[in-house]
Amino acid sequence: MSNPSQPDRILIFDTTLRDGEQSPGATLNVDEKLKIARQLARLGVDIIEAGFPFASPGDFTAVQQIAEQVGTPEGPTICGLARATRQDIEAAGRAIAPAANGRIHTFIATSDIHMQYKLRKNREAVLAITEEMVTYAKTFTDDVEFSPEDAGRSEPEFLYQVLTAAIAAGATTVNIPDTVGYLTPTEFGDLIRGISENVPNIDQAIISVHGHNDLGLAVANFLEAVKNGARQLECTINGIGERAGNAALEELVMALHVRRSFYNPFLGRPAESEAPLTNINTPEIYQTSRLVSTLTGMFVQPNKAIVGANAFAHESGIHQDGVLKNKLTYEIMDAESIGLNNNQIVLGKHSGRNAFRTRLKELGHELGDQELNRAFLRFKDLADKKKVVTDWDIVALVNDETQQAPEHYHLEHVQVSCGDHARPTATVTLRTPHGEELTDVAIGTGPVDAAFKAVHRVVSIPNELSEFSVQSVTAGIDAIGEVTVRVRHKDSVFSGHAANTDIVVASTQAYLKALNRLYDSIQGGKAIHPQNDDIAAAATARI
Ligand code: KIV
Ligand code: ZN
């Protein structure tokens with residue numbers, strides 16, 4: 001079935017806040033999730049999978065608030081994930097209830113290996129649970145999506161049987177996951193064609209696809225699926241997600257946009273049709289990518305398609321010459337089409353608060369008065385240090401300022417001394433959760449190491465530094481540096497991100513943000529993972 005309201009459009013189901021957030025260290029709090037959800041709505045995604053409500057009270061609240069604030073009648077459908085158990089479905093049903101359009105996405109594994117080792121259930125049991133749980137989900141909403149997890153490695157005849165049962169029980173979307181990223185494009189296309197041809201009631205449901213990028217094939221697999229009847233694509237911003245990530249939204253959307261004359265006929269349109277194939281507002285892509293990268297602390301590699309720093313940079317002389325004569329010699333799409341407007345110089349040190357607020361609004365940031373005041377002070381400070389303040393500087397600064405990381409420990413002061421004949425030494429003053437100001441000093445292999453050691457002496461929660469990266473926002477010696485830090489504690493990873501023209505300050509702030517998240521999780525307990533958790537135990541707890 002195609003999308004009934006727009007039969008020749010492909011639905012974009014964004015799972016950045018669910019599968020994307022399952023990336024190690026990408027954990028987001030409720031305010032950060034809301035911020036991303038609002039931006040996804042501006043981007044024009046059709047469905048936001050806002051989380052897994054049963055995982056923890058925090059996950060439940062995030063889905064509920066997104067449903068309330070972003071799930072307006074004109075806004076996207078808000079979806080909650082649920083394993084095929086009553087308690088999960090009930091939590092998802094309650095969390096999505098405030099949305100004008102809410103969806104429950106329930107799933108159970110159908111491959112022999114998952115059924116035998118993870119579920120410890122036979123085919124009959126899985127079939128019965130599918131029917132029962134889709135029926136139960138329908139008591140909360142008409143819009144029910146069903147996924148046979150690990151469909152890519154499931155026996156096709158059994159898969160057809162499960163899908164037929166799910167649709168008969170009321171599933172309006174059937175999603176086909178390549179959970180382990182194993183299939184090749186031809187195999188994935190054949191799988192979708194097989195489903196279209198062998199599931200007798202498939203005309204009553206939209207075929208969706210979901211896939212991981214373990215072999216780097218997720219986007220190619222989805223495009224092949226579109227050719228064979230898939231009409232909903234489950235993807236994430238910047239391709240973040242479990243292990244090697246999910247199919248990247250920006251790559252899929254721009255492939256369908258730039259090559260629409262190739263894909264149009266598969267949707268029954270004339271090849272030359274200019275009508276868009278998705279509802280995505282492509283000039284919001286870059287801004288969305290930056291926001292997700294900042295809030296999750298997952299950097300975008302420079303050579304990443306569409307949103308990488310080099311994606312539109314023409315370094316080689318030959319290319320520059322060609323591009324100057326005619327852009328089309330080396331460019332297949334305009335930077336403007338994803339919202340990149342060539343690092344325009346917009347504001348300077350004499351710009352006032354109104355100009356700053358207006359520019360921020362144009363860049364998609366609407367700040368409250370307090371946030372605006374803080375961001376404006378930082379902008380003035382930056383404009384004093386840096387001759388040229390670009391849009392990207394402003395976005396980095398505002399994303400940093402409005403990050404809603406918990407602030408149990410606050411950095412009051414950091415000072416370092418270093419040099420080729422000096423022992424790098426840092427003095428750090430922190431305000432603790434109990435309001436005390438504590439100062440400590442440490443020596444390190446360099447100034448950042450010394451600052452981290454001094455912070456660690458005050459915070460003293462055991463952890464291991466697993467990532468430290470610095471990136472400059474723009475070119476030039478006076479550029480803002482963006483730092484991401486990840487720390488590991490037991491089997492969990494926590495990230496922190498900060499931006500400053502002084503990279504020692506940014507590094508110390510980023511490290512402290514990661515430690516604050518770690519501290520927060522120790523206070524709040526651990527969330528359940530929807531796929532790795534013991535589903536057998538959850539299933540037996542069914543009422
Ligand atoms: O990868 C997967 O199979 C999933 C399901 C929950 C759809 O994320
Ligand atoms: Zn997945």
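R517 forms a salt bridge with E32. In this predicted model, their closest N and O atoms lie 2.8 Å apart. Domain 1 covers residues 11–296 and domain 2 covers 410–524. Between these two domains the count is 2 salt bridges.

Now look at the interface as a whole. The centres of domain 1 and domain 2, taken over C-alpha atoms, are 37 Å apart. Domain 1 brings 11 residues to the contact, and domain 2 brings 8. About 630 Å² is buried between the domains. Carbon and sulfur atoms give 31% of that area. On the domain 1 side, G25, R290 and T294 supply 54% of the area buried against domain 2, more than any other three residues.

Next comes the sheet. Three strands form an open sheet in the order β11-β12-β13, with antiparallel pairing. Its edge strands are β11 (410–417) and β13 (437–443), each pairing on one side only. Neighbouring strands are turned by 15° against each other on average, direction ignored. Strand β12 (residues 425–431) is joined to β13 by 7 bridges. Here T427 stands opposite V441 in β13.

Two helices pack on this sheet. Helix α16 (residues 447–459) touches β11, β12 and β13, and its direction makes about 140° with that of β13. Helix α17 (residues 503–524) touches β11 and β12, and its direction makes about 140° with that of β11.

Finally, turn to helix α3, residues 86–96. Its buried residues are D88, I89, A91, A92, G93, A95 and I96. What do the buried residues of α3 pack against? Their partners are the helices α2 (57–69) and α5 (123–137), together with the strands β3 (77–83) and β4 (102–109).

How values were computed: Residues are numbered from 1 along each chain as its sequence is written. Chains are lettered from A and ligands numbered from 1 in the order in which they are written. This is a predicted model: local features need pLDDT of at least 70, side-chain atom pairs count only at pLDDT 80 or more; totals for chains, interfaces and linings use all residues. Side-chain values use heavy atoms; hydrogens and water are left out. Two strands pair if DSSP finds at least two bridges between them. Helices (H or I, at least four residues) and strands (E, at least two) are DSSP runs, numbered from the N terminus. Axes are lines fitted to C-alpha atoms, for helices over the stretch in contact, and angles run from 0 to 180 degrees between N-to-C directions. Contact means heavy atoms within 4.5 Å. Buried means under 20% relative accessible area, exposed over 50%, partly exposed in between (1.4 Å probe, protein chains only). Domain bounds come from an automatic or database domain assignment. Buried area is the accessible area (1.4 Å probe) that two parts lose on being put together, summed over both. A salt bridge is a side-chain nitrogen of Lys or Arg within 4 Å of a carboxyl oxygen of Asp or Glu.
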